[in-house]
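Hi,

Here is the structure I promised to hand over. Please open it first; my notes follow below.

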Amino acid sequence: MKTILKLIIITILLPAITEAQPVLQGVVKDADGNPLTGASIRNSANDDIEHTNEFGTFQLNIATIPISIFVSHVGFHRADIDINSYDTLHITLFPLTNVLQEVEISTGYQSIPKERAVGSFDFIDSETLNEQVSTDVLSRLEAVANGLNIERRATSGTDMGIRIRGLSTLSAGAIRDPLIILDGFPYEGDINNINPNDVKDITLLKDAAAASIWGSRAGNGVIVITTKMGANRQPTSFNFNANTTVGKIPDLTKYPLMTGADFIEAEKFLFENRHRFSDTAARSRPVFTPVYELLFLQRNNIIAAQEVDRQLSNIAEGNLLKQYQQYMYDASLNQQYAANIQGGSDNNAWYVSAGYDRNKSALAATYDRWNLSFKNTYTPHRALRFDVSMLYTLSESVSGKTAYSPSMGLPPYTRIMDESGNPLAVMRTYRQSFLDTLGDGRLLDWNYYPLVEDHYSKTTASLNNAVVNTGASYTPLPWIALHIKYQYQQQKTENNTLYEEQSYIARDLVNQFTVLDASGGITHNVPKGGVLDVGYSSLRIHNLRGQLNTDNQWGSHNLVSLLGAEFRSGTTSGKNSRAFGYDPTNLTYGTIDLKNRFPHLITNSNIFIPSNQDFTGLVNRFVSGFVNVAYTYDDRYLLTLSGRRDASNLFGVNVNDKWNLLWSVGLGWNIHNESFFTSVFLDKLKVRATHGYSGNVDISKSAVTTLMYNSAQSPYTNTPMALITQHANPELTWERVNMSNVAVDFALKDSRLHGSVEFFLKKGLDLFGPAPMDPTTGLTGSITRNVASLKGKGFDVELTTDYTFPRNIKWSGTLNLSYYNDKVLSYYRDSDATGSVFVTGGSPSMIRVEGKPIFSMFSYKWGGLDPATGDPIGYLGGFPSMDYNAITGLGTTIDDIVYHGSAIPTYFGSFRNAISYRNFSISFSVLYKLGYYFRNEGIDYASVMRANPTGYHQEFNERWQNPGDQRFTNVPSMVYPNHSDRDDFYLNSEVKVKKADHIRLQYVNFSYNFNTDKGFLKSLRNAKAYLNLTNVGMLWKANDVGVDPEYGAYGLPPVMTGSLGVQLTF
Amino acid sequence: MKKTINRLILLAMTLAFCNYGCDPFLDVKPNKKLVIPQSLDDLQALLDYYPNIQFDPAIGEVSADDYYLTTEIWNGLFSENDRQLYIWADHGIYSTAPLDWIYPYRNIYQANVVIENLSALTSDLDDLERWNSIMGQALFLRARAFLSVALIWSKPYNANTADTDLGIPIRLSSDFNLISNRSTLRESYNQILKDLQAAVEYLPSTAIHPYRASKPAALALLARTYLYMGDYANCLLHAEACLALRDDLLDYNTLEKSATYPIPEFNQEILYQSTQSSPPIAPSRAKIDSTLYNSYNDNDLRKTLFFRENSDSSHSFKGSYNSGNTLFSGLATDEVYLMRAECLARLGEYEKALANLNALLEKRMVTETFQPIGIPDGSLLDLILEHRRKELLMRGLRWPDIKRFNQEGLNIGLTRVIDQNTYELLPNSPRFILPIPDIVLTLSDVQQN
């Protein structure tokens, strides 16, 4: 058996004064000869333990020899030494091999050696992070982290979709992203401000210990980002990194959109049924499609049938998607440059960096970002330390062309450019034939030209972010330290949207408020010219933290504690305003009357000029106190306790309810440090467990009725207006969440395989959830109550192997596998269960059915198509039914509904590999998400009728048309009049639910390390060139409908990007 | 364990000089726009939130016969519920969020919040006037909502059976944990009368805008309530009290006939502004019953001011007092004139009734050709009711009128024709009382009609 433990004992005979000494003396050093403080030396006979002092020396009473002693220290291999004499020992401990290198886990408040940690952490170093190239840092996590899943379908404006171990609440509005900590403080600015090249490592805190450290906002886990820093007595080094990323042009033709010809067919059908004929008389002059206009002309005998057919076949050849792709989209190009210098003297350690990113999107929107950072630690005296750091970000983004979106309402045959390259007008709000005759040329052009609209309307957003962090530490005694830290963050953003005079928005506004009088005169109630929307917002956050740390070692006992308190105050203020008749060349604007109403040119209804004036003022304040105690006995037994109380300026809540206590307890056992541990297979074996409690009150819910003032006053009474936003709900209590985590860490001998297996269990009681309300109470929809309980369980497995093949080919592979499944234990629900309670929409939504996961996939039972009519058949009370209103409404019971499974991945993870041979290395990560379902899109006839194009699905051409078709298709017939509940039923039926399981190759990274020991590269310490491919592609997917389930049929998956870069170190 | 941790944390906080002493730090409002209602300003602001307050249920008008839909338009309605409602189906006429029920009860809740909070405010003398006004507005709002629900979802009032007839759910508290159930019809109307009588006392004689209630508006609503209760003496009393304060009429001769919407909004007739809107009765879809249209005399300005001829020679309505494509459903003096005339006629005071009708018609007929009407050959009451129909169409009053007239034995039946199918609503069909939305039945103790 090969032994990787190496021990060197140098025994030097010293002049012996006495024959027999009861005390053994020695010194413990590392391989570089530095003394090791705190190493433990254990007498195997009586388990007496002594520790080395700051000079690495120790004394141990030994009654008899020969005997064995064990010498151990965190991060080093244990040395087992047979003692045959009382000679002074010189012991050298060797560090655990590279992969097992001792990791210091940063919780944001302190760093703890992984060996002494009992909580659930995942640590990602910068090397792993830098296998990917991106402007931001968080998007890199999914492919490399353990237990982290990014949900792409449910994301809203502020929700990044990052999920760690599921949800802890059923409340729809609750924040579901983890808390992000940057260098010790919660980060609240734009997450894209962080330069990924400055990041040293990232730690995920996954269990209850996270919440008890970081408080009630940490219920979804914590992501701790630590940035790079110099070290004392370190030679100055200079680092440079540059890369360029090119993205493919998005393939819009993947949208399952109806063809132009199919759409014309549908329109002809509607026209035959005289659909929307009455709209020709509507005062609002609603727009018709070009095909409808043509059919009207034919009907009114203005154009002959032959000519109409000729024109229709010409229209049918138009392809909106193709034109958009060709004329609006281009390859994206991102450039990134970053440089840093770091170093340190005896008293100083410092780090300075600069970064510049320039991104140009596929739609020619640009994003420029400048990053500057400066950090310094000054240690004037052994007991004193001062830290100062500053991060500064300046970014500017300019909008580009308008993306294609099905919701634009354009028929699939629409052309945006003619053969000679001129922009074409597309249908918008008003009927073209009406606009053509309106105003005898007195109005501005009222057409919308998507091809050139971006020339005239631009949004420029600039952002200034500065984080200043100062700290002082005083260490009066070696084991006690006082820290005080203060951080100030200020982020200012300014958004300017200028709609130039030629833009559609500006022309439309001017025209709407134009008054044409019979004598040919014209009045503009909105002055001609551009429209400028200006928005400012500023975020200012003060943080103050006082902390008392102790680190005490006596005998075999080690006690590390942390006691502290912090204050945090964040203020957001903002204002928006709009100028009309704006002239960007000389900065003049026109005056408007906001108080009076003016007739709309087309409808003649009196309306106000839309002003856009708004002010916001938000204040968030937190006070917290926290304590954390970690006791270690002989590096074998670990006990941690932590607790935290949080209070915030919740509105309308009693003081006592503002305070929230969270706590956790952890236990650990380093079995490999036991004297009896003599496994032939295992090098490391550790068991650890935590249990914690957290509570939560929904910040937006309160015990009293609150109202919110409307920004603008009532223009009628000229008095302020307010709306009730919260209904007095004295029955609300805290949500209670208990979470347990049990884990085993192990490493096989010689490090072939090491990793950890963690199990967790989560139980939530009195959880918030929407309880349906009788509308007679005056409350519509639902109200938040403590109505639910929830049980979640899962595991995270991480396995890493390092293997060296012949010819020195090295392979390292990490498998991350996570399982998560939750179950709603109870949920108060009166018999309001409409079909739509179970079955909603395309993206996963909280279904809240007892005994099923929160995010469940349900569908209506499918009975096929009626052979005679092509109507879809559902079930009601167990019998086939076509009462779609009842099926989708209150008639449906749980028995009429099919349960498929989870709507979010139950198994997910990644398999990351790095292979290196000589100077070459290649790394890649395969991502997989398994065990869940998604709902595919389909033809929505109601949307076709409404000219609301989100449902123009190409499966229209597979619809039932003749008896017998039901044998080949599940797509219902097109009928008139249309019943929107029929569409609802079909789109949410069994046949639309597909397995979402898939595996994708997320990235591949090739790199080459140049030899820097000779030639012109001699001045370099390190030189590397790399090529990176991201979003490489889908390797396998379970569904046969060609849909990437993470984005859905109407979502556009990110394109593959390729990057080329160099990294140099001097 | 918990205790130990707690103590340690308290120690930490004491170290940082902060425990419960942090209250001033934490008492700052998280959003400056948030307020716990505690001042007259706050409560008035709630009542001035016209985007919610202004809406009345439209389901009665949709069910009534001032208009009809062609098959083509009916087919083109986006909501199956609206199609079913149009043909008076028993089921499938509501979406899961029945706005027609929500609008009035949302206003009732709002009013209850105001009333409860007002009671807690001890007003000093300076504010007494405002306190009274706000209390009056809230009571008015609540009564108006109760009445609109009663007229649609209950039987017409009959004093003999009112103690056993099902009334409406009466909610007088903002506590949403109380389960709703139905009162008797007498209790319902008594509550409406009680609220309105109090509102009359509290409200000022004039309001700064028709979106705010005033004494004449409350009197007009009281008159309307008594009218539908068949208490003509009291109706007359309150109509007169109302007109004593405000009797302005708009002279239709002064209006621009060619205007898209000729009647100006917030005009001098409007006592209280509110709106009803629903896809079937939108002027672009709804066609005016041709018999009704043809019944207007050519000298009647309403014939040109109220109706626009469509390309198919049918007519659509442009006479909304909202001066737009939504329908007015508030209170106006013309209705009060007509109530006064009707009550006078019913009480046998024909001369006065006639004078009253002529006062209105003078402003409705072409001035040059106007001749005051003399005692007609037939029934004066019928003539007044004919003008009631001609004047007040598309205001949500036709449906309750049919119900009360049928109770008097007028036997008005309604007919709809769609796709060659004829749907009939027989006089005194129970379907004249609309079914209560299912969602209400499942979540409360409310009993179906």
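In helix H12 of chain B, the buried residues are Cys235(B), Leu236(B), His238(B), Ala239(B), Cys242(B) and Leu243(B). Bear in mind that this is a predicted model.

What do those buried residues of H12(B) pack against? Two helices of chain B: H11 (215-229) and H15 (333-346). The length of H12(B) also checks out.

Next, the contact between the chains. 79 residues of chain A are in contact with 77 residues of chain B. Several elements of chain A each supply at least two residues to its side, among them strand S28 (557-583), strand S33 (637-648) and helix H14 (980-987). Strand S32(A) gives the most, with nine residues. By type, the chain A side divides into 35 nonpolar, 33 polar and 11 charged residues.

Two bridges join S36(A) to strand S1 (residues 34-35) of chain B, and the two run antiparallel. Met708(A) stands opposite Leu34(B) there.

Last, a sheet in chain A. It is open, has five strands and mixed pairing, and runs in the order S11-S16-S17-S14-S15. The edge strands are S11 (121-125) and S15 (185-186), each pairing on one side only. Strands S14 (residues 179-182) and S17 (residues 222-227) of chain A run parallel, joined by four bridges. Ile180(A) stands opposite Ile223(A) in S17(A).

Best wishes

Technical notes: Residues are numbered from 1 along each chain as its sequence is written. Chains are lettered from A and ligands numbered from 1 in the order in which they are written. This is a predicted model: local features need pLDDT of at least 70, side-chain atom pairs count only at pLDDT 80 or more; totals for chains, interfaces and linings use all residues. Two strands pair if DSSP finds at least two bridges between them. A residue is buried if 20 or more other C-beta atoms lie within 10 Å of its own, exposed if 12 or fewer, and partly exposed in between; C-beta atoms are placed from the backbone. Two residues are in contact if their C-beta atoms, placed from the backbone, lie within 7 Å. Ala, Val, Leu, Ile, Met, Phe, Trp, Tyr, Cys and Pro count as nonpolar, Asp, Glu, Lys and Arg as charged, and the others, Gly among them, as polar.
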